[in-house]
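Have the model open in the viewer and follow the selections in order. Each stop names what to select and then what is there.

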Amino acid sequence: SLSEKLDGVFKRLKGHGTLTEKNISDGLREVRLALLEADVHFKVAKQFIADVKERSLGQEVMRSLTPGQQVVKIVNETLTDLMGGAHEALDLSGTHPVPIMLVGLQGSGKTTTAGKLALKLRKEGRKPYLVPADVYRPAAIDQLKKVGAQIDVPVFESRTDMDPVDICRQARVAAHKAGCDTVLLDTAGRLHIDETLMAELQAIREALQPADVLLVADAMTGQDAVNMAKAFDDALHIGGVVLSKMDGDARGGAALSIRSITGKPIKFIGVGEKLADLEAFHPDRMASRILGMGDVLTMIEKAQAVVDTEQAAALEKKLRKNQFTLEDFRDQLVQVRKMGSLTDLIGMIPGMGKHKQMKNLDVDESELVRIEAIINSMTPQERYQYNIINGSRRRRIAKGSGTTVQDVNRLLKNYTQIMKMMKKINKGGMRGLGRGMLP
Ligand code: GDP
Ligand code: MG
């Protein structure tokens with residue numbers, strides 16, 4: 001990967017005492033190759049290296065940093081600038097309901113992203129409204145209806161015999177009547193760009209005057225995503241890009257090239273198939289992630305978003321008094337699951353991405369589901385006094401949760417170990433224990 005390649009380059013630079021033109025040039029040649037291998041556009045890579053070189057040589061070596069660290073810092077800053085510097089938010093200006101248009105090739109992730117955005121906007125206190133404007137595939141309308149039902153967001157009743165522009169117009173009126181303030185237009189896509197599609201999208205844009213037009217591009221397609229962004233922008237003047245499928249093994253090239261090739265910012269990234277898997281795009285955090293430093297800020301934000309502080313305080317109190325029940329154990333697991341995939345979280349911890357064992361550590365999420373089911377099958381009394389759970393109770397719990405007695409035994413063993421560990425820790429500090437509690 002790009003971050004592994006860069007890591008090697010910087011390790012070699014670390015051995016040098018000062019930043020000289022020679023050792024910078026040698027290091028940067030490898031950085032350039034690493035960028036090209038990551039599918040970064042060659043013009044972008046060339047300009048990038050020139051920028052880093054200029055900044056490195058112009059700078060005095062800071063006393064607090066080794067030359068290697070200093071180059072990492074400069075590369076990090078240059079990467080950040082390359083991706084636009086600061087986060088650019090979704091444009092929601094104008095009178096309500098504000099139309100937002102999603103465009104892109106078939107399969108790029110438009111419909112999924114429409115749902116993700118709706119969920120995000122609703123969490124921010126807005127009232128989104130979803131519009132299926134792809135009339136060519138009946139399944140597309142049903143897909144968006146399902147998404148809307150999942151997150152409890154209204155969906156316009158489009159029919160395949162309607163004109164897409166009429167759908168969007170009528171949908172805005174309907175959204176207004178329904179008291180919604182944001183209209184998300186999920187438009188049709190094709191396998192390739194063609195004029196008919198562009199003409200249709202232009203007509204919708206003309207008629208609705210959306211506050212923002214987002215191109216959804218598949219990060220896995222590398223340079224094609226960049227070319228797509230350019231083509232859509234030329235024809236339609238997009239406001240920004242959503243780079244989907246960043247959770248796959250995308251090489252990072254698209255994220256790095258889009259801004260400088262199109263001049264348009266990446267506003268969001270899709271990081272999974274679930275509707276919660278959308279993140280605001282922050283160039284500085286992405287730069288750090290690419291450099292393998294871990295995206296600590298994103299991780300902290302994710303954790304803060306789900307862990308209710310009051311609940312955490314209550315938990316801490318229970319732990320102090322050794323009153324941590326199986327019910328609390330279950331609640332903790334639910335919290336951890338809300339934070340997203342465990343493997344994702346581990347990847348965000350600085351340095352963790354580099355460890356082989358950590359990479360191979362495939363945290364089995366179905367195990368968490370099983371544990372939750374087991375605890376749910378217990379009586380309240382069992383959850384508070386685990387030592388009453390005898391053989392026949394174990395069999396009943398296993399049956400009720402669709403698991404085996406071995407599963408129940410394993411859970412109880414883990415739980416008792418945690419209890420033991422806590423008794424020890426209770427003598428020392430307590431904060432942040434919740435996350436270290438997994439079996
Ligand atoms: P559309 O044709 O542009 O509307 O694309 P869809 O929204 O139907 O998505 C196509 C496929 O990509 C679906 O299987 C989605 O689940 C998947 N998908 C969309 N966004 C993401 C993402 O961020 N990560 C992953 N892993 N899959 C995604
Ligand atoms: Mg679709």
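**Stop one: a strand pair**

Select Leu-130 and look across to β3, where its bridge partner is Leu-184. This is a predicted model, in which local features need pLDDT of at least 70, side-chain atom pairs count only at pLDDT 80 or more, and totals for chains, interfaces and linings use all residues. Residues are numbered from 1 along each chain as its sequence is written, and chains are lettered from A and ligands numbered from 1 in the order in which they are written.

Now select both strands: β2 and β3 (residues 182-187) pair in the parallel sense over six bridges. Strands are DSSP E runs of at least two residues, helices are H or I runs of at least four, and both are numbered from the N terminus. Two strands pair if DSSP finds at least two bridges between them.

**Stop two: the faces of β2**

Keep β2 (residues 128-133): six of its six residues are buried, so the strand is largely enclosed by the rest of the structure. Buried means 20 or more other C-beta atoms within 10 Å of the residue's own, with C-beta atoms placed from the backbone. Pro-128, Leu-130 and Pro-132 point one way, while Tyr-129, Val-131 and Ala-133 point the other. In a regular strand the side chains alternate between the two faces of the sheet.

Notes:
A residue is buried if 20 or more other C-beta atoms lie within 10 Å of its own, exposed if 12 or fewer, and partly exposed in between; C-beta atoms are placed from the backbone.
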